[in-house]
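Here are my notes for a first look at this one. Have the structure open beside you and take the points in order.

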Amino acid sequence: MRYSKRILSSQKGFVLVVAVLACAILFALTMLVINLSTSDLRISSKLVGEKKALTSAEAGLHRVIQNFSGDPNAALADGTPYDTWITVDSTNDAASGYKIYRPQVPTTGPIFIPMTGYSIGGGQTWGQKRFTVEVEGRNTAYDTKVEIQTAVGYGPVEISTMYQ
């Protein structure tokens with residue numbers, strides 16, 4: 001009988017080890033489920049922030065297109081300065097804004113683009129002067145930013161002497 005009691009006493013320890021392992025496995029599964037569900041929330045909120053930043057950058061791009069004066073050293077035609085953060089809608093979303101960087105003469109490609117059918121005669125050629133512009137949209141609530149790099153044309157300008 002003593003021999004069978006030793007077996008029973010060693011089985012009690014084994015059950016405790018199995019119970020601890022089962023609890024550890026359930027805890028690991030619980031942590032996995034929590035991590036997966038919160039990562040979906042993080043991804044969704046990042047996408048919302050990126051959409052808000054993109055919308056802000058597009059608002060800045062529209063302002064450049066509507067008000068570009070052709071002089072990169074002056075402000076936009078509506079008085080908007082370059083290199084300054086501007087809030088898109090301070091009443092509804094004060095965290096979203098954009099910054100229009102000073103337009104630059106492009107380092108690659110043509111500076112002047114001829115416009116066909118726009119010449120007055122007498123050997124004059126008319127076209128557009130091209131500038132590269134970068135607009136950055138940002139949302140500070142979601143800590144996201146989007147940069148749009150594009151080119152804008154200003155004209156018509158007489159390019160027959162400048163184009164050669």
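1. Let's start with the contacts (heavy atoms within 4.5 Å). Among those in the chain between residues at least 6 apart in sequence, 58% join residues at least 24 apart. One caution before you go on: this is a predicted model, where local features need pLDDT of at least 70, side-chain atom pairs count only at pLDDT 80 or more, and totals for chains, interfaces and linings use all residues. Residues are numbered from 1 along each chain as its sequence is written, and side-chain values use heavy atoms, with hydrogens and water left out.

2. Next, the layout. The chain has 1 helix and 5 strands, in the order α-β-β-β-β-β from the N terminus. Helices (H or I, at least four residues) and strands (E, at least two) are DSSP runs, numbered from the N terminus.

3. Now the inside. Of the 164 residues, 26% count as buried; that means under 20% relative accessible area, with exposed over 50% and partly exposed in between (1.4 Å probe, protein chains only). The largest nonpolar core has 14 residues, and those with the most contacts inside it include Val-64, Phe-68 and Val-152. Two or more residues of this core come from each of α1, β2 (93-100), β4 (126-139) and β5 (144-158). A nonpolar core here is a set of buried Ala, Val, Leu, Ile, Met, Phe, Trp, Tyr and Cys residues joined through side-chain atoms within 4.5 Å.

4. Setting aside neighbours within four places in sequence, Phe-68 touches Leu-76, Tyr-82, Pro-103, Phe-131, Val-152 and Tyr-154.

5. On the helix, look at Leu-29, which sits in α1 (residues 2-67). Leu-29 counts as partly exposed because its relative accessibility is 48%.

6. Most residues other than glycine have a negative phi, and most peptide bonds are trans. Asp-83 has a positive phi, near 60°, and lies in the loop between α1 and β1 (85-89). Asp-143 also has a positive phi, near 55°, in the loop between β4 and β5.

7. Are these two aspartates buried or exposed? Asp-83 is partly exposed, since its relative accessible area is 36%, while Asp-143 is exposed, at 63%.

8. Last, check the peptide bond from Gly-155 to Pro-156: it is cis, with omega near 10°. Pro-156 belongs to strand β5.
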